[in-house]
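This briefing is meant to be read beside the sequence and the structure, and its points are grouped by topic.

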Amino acid sequence: MRKRIYSVDVGGTSIKYGVFDSKKKLLKAWSVPTDVAIGSEAILEAIATEIKNDCEDVSQLFGVGLGFPGTVNEGIVIKAPNLNWEMVDVKAALTRLLGEKVVIAVENDANLAALGEYRSSSIDSDAMVLFTLGTGIGGGIVLNGKLWRGHNGLAAEIGHLDIGMFDFVCGCGETSCFETVASATGIKRLATMYIDNKRFNTSIETVYSAKQIFDAAKTGDKLALHVVDKAALAIAKATRMIALVLNPDTVLIGGGVSEAGSFLIERIEENYQALNRGIQIPVSFQTASLGNQAGLYGGYEAVKDYG
Ligand SMILES: [Zn+2]
């Protein structure tokens, strides 16, 4: 019987692997640096080889779930800017490399993270949205226990909601996108801007990371507190837009920025309450629990759903 499920979270700097047994026990997780320059075909061959080497007996392989930082539809990575990929048929390539019997599930990485968080948590939710606040901002929507991909995989591109704050240019080419303010990159950018215009007292001279800003805010640094509040306002604004469309019961905050924990959640809640006027839609904000393994668990779940 085929039991092993592999999960592969493909990023621009590293490829994370996880192997699960049929009862969702994560047996092992590891990562390998991504060499983007070798191109999609060679990267997919390297992934297949990594799995075959680890699995030893390929007849034990039930399926592989793969997450990519980009738009994905029906097994094809439509566009993944960090990898320089366009229209790569991942499902066809891995089926050729691993055999017809192996289930191949290909999804957007934030979608997989949302599915992983939802199925692994005790959250009783019929409409959950995950924000992954990392280098950029990704999102995933789980409705009635199922991933909502939209018509062709483009649902939950929440990082590009126009929140009408500042005028920073986004990687997508537009301005005022949510991720230009509340991602780790956005938080660093904001802090640097306020340091340069000397509007607030601060002990910070040079900005290294979003964590540094949160740590300073926790000690009462005025500039850092202002930055955290702007990020929390951006998250609240994005949530308000989503709430008016989807009426989610839960918004999970994940990604590196969520390590700020309740300090950030409390500020998001305050800002959300101030915006929640007219049609009032209560939302429960919670921090995600699986950290950077959410995508691996999501890969497992996607294989189970596809298989
Ligand atoms: Zn954008």
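The C-alpha centres of domain 1 and domain 2 lie 28 Å apart, the bounds of both domains being taken from an automatic or database domain assignment. Domain 1 covers 4–114 + 293–306, and domain 2 covers 125–288. This is a predicted model, in which local features need pLDDT of at least 70 and side-chain atom pairs count only at pLDDT 80 or more, while totals for chains, interfaces and linings use all residues. Residues are numbered from 1 along each chain as its sequence is written.

**Where the domains meet**

- The contact between the domains takes 11 residues from domain 1 and 16 residues from domain 2, where two residues are in contact if their C-beta atoms, placed from the backbone, lie within 7 Å.
- On the side of domain 1 that touches domain 2, β5 and α3 (109–120) each supply at least two residues, and α3 gives the most, with five residues.

**Overall build**

- The protein has nine helices and 13 strands, which are DSSP runs numbered from the N terminus (helices are H or I of at least four residues, strands are E of at least two).
- A compact globule of 307 residues would have a radius of gyration near 19 Å, and the 20 Å of the protein agrees with this; the radius is taken over C-alpha atoms, and the globule rule is 2.2 Å times the number of residues to the power 0.38.
- Taken along the principal axes, the C-alpha atoms fill a box of roughly 60 × 40 × 35 Å.
- Of the 307 residues, 46% count as buried, where buried requires 20 or more other C-beta atoms within 10 Å of a residue's own, exposed means 12 or fewer, partly exposed lies in between, and C-beta atoms are placed from the backbone.
- Among the contacts with a separation of 6 or more, 62% are accounted for by residues 24 or more positions apart.

**Nonpolar core**

- The largest nonpolar core has 94 residues, and those with the most contacts inside it are Val-64, Phe-178, Ile-213 and Val-227; such a core is a set of buried Ala, Val, Leu, Ile, Met, Phe, Trp, Tyr and Cys residues joined through C-beta atoms within 7 Å.
- Helix α7 (residues 222–246) gives the most to this core, with 13 residues, and the core draws at least three residues from each of domain 1 and domain 2.
- Not counting residues up to four places away in sequence, Phe-178 touches Ile-137, Ile-158, Gly-159, His-160, Leu-161, Ile-163, Ala-234 and Ala-238.

**The five-stranded sheet**

- Five strands form an open sheet with mixed pairing, in the order β11-β10-β9-β12-β13, where two strands pair if DSSP finds at least two bridges between them.
- The edges are taken by β11 (146–147) and β13 (284–287), each of which has a single partner strand, so one side of each is left without a neighbour in the sheet.
- Strand β10 (residues 137–143) runs antiparallel to β11 and is joined to it by two bridges; Leu-143 has Lys-146 in β11 as its bridge partner.

**The three-stranded sheet**

- A second open sheet, antiparallel in its pairing, has the strand order β5-β6-β7, and its edge strands β5 (71–73) and β7 (85–89) each pair on one side only.
- On average, neighbouring strands of this sheet are turned by 10 degrees against each other, direction ignored; axes are lines fitted to C-alpha atoms, for helices over the stretch in contact, and angles run from 0 to 180 degrees between N-to-C directions.
- Three bridges join β5 to the antiparallel strand β6 (residues 76–80), with Val-72 opposite Val-77 in β6.
- Helix α2 (residues 90–98) packs on the sheet, where it touches β6 and β7, and its direction makes about 45 degrees with that of β7.

**An exposed hairpin**

- Strand β2 (residues 14–20) pairs with β3 in the antiparallel sense over seven bridges, and Ile-15 stands opposite Val-32 in β3.
- Of the eight residues of strand β3 (residues 26–33), the number buried is zero, so β3 lies largely in the open.
- The hairpin of β2 and β3 has five residues between the strands, and Lys-24 takes a positive phi near 70 degrees there.

**A buried arginine**

- Arg-267 lies in helix α8 (residues 262–275) and is buried, with 21 other C-beta atoms within 10 Å.
- Leaving aside neighbours within four places in sequence, Arg-267 is in contact with Val-228, Asp-229 and Ala-232.
- The C-alpha atoms of Arg-267 and Ile-235 are separated by 9.7 Å, although the two residues are 32 residues apart along the chain.
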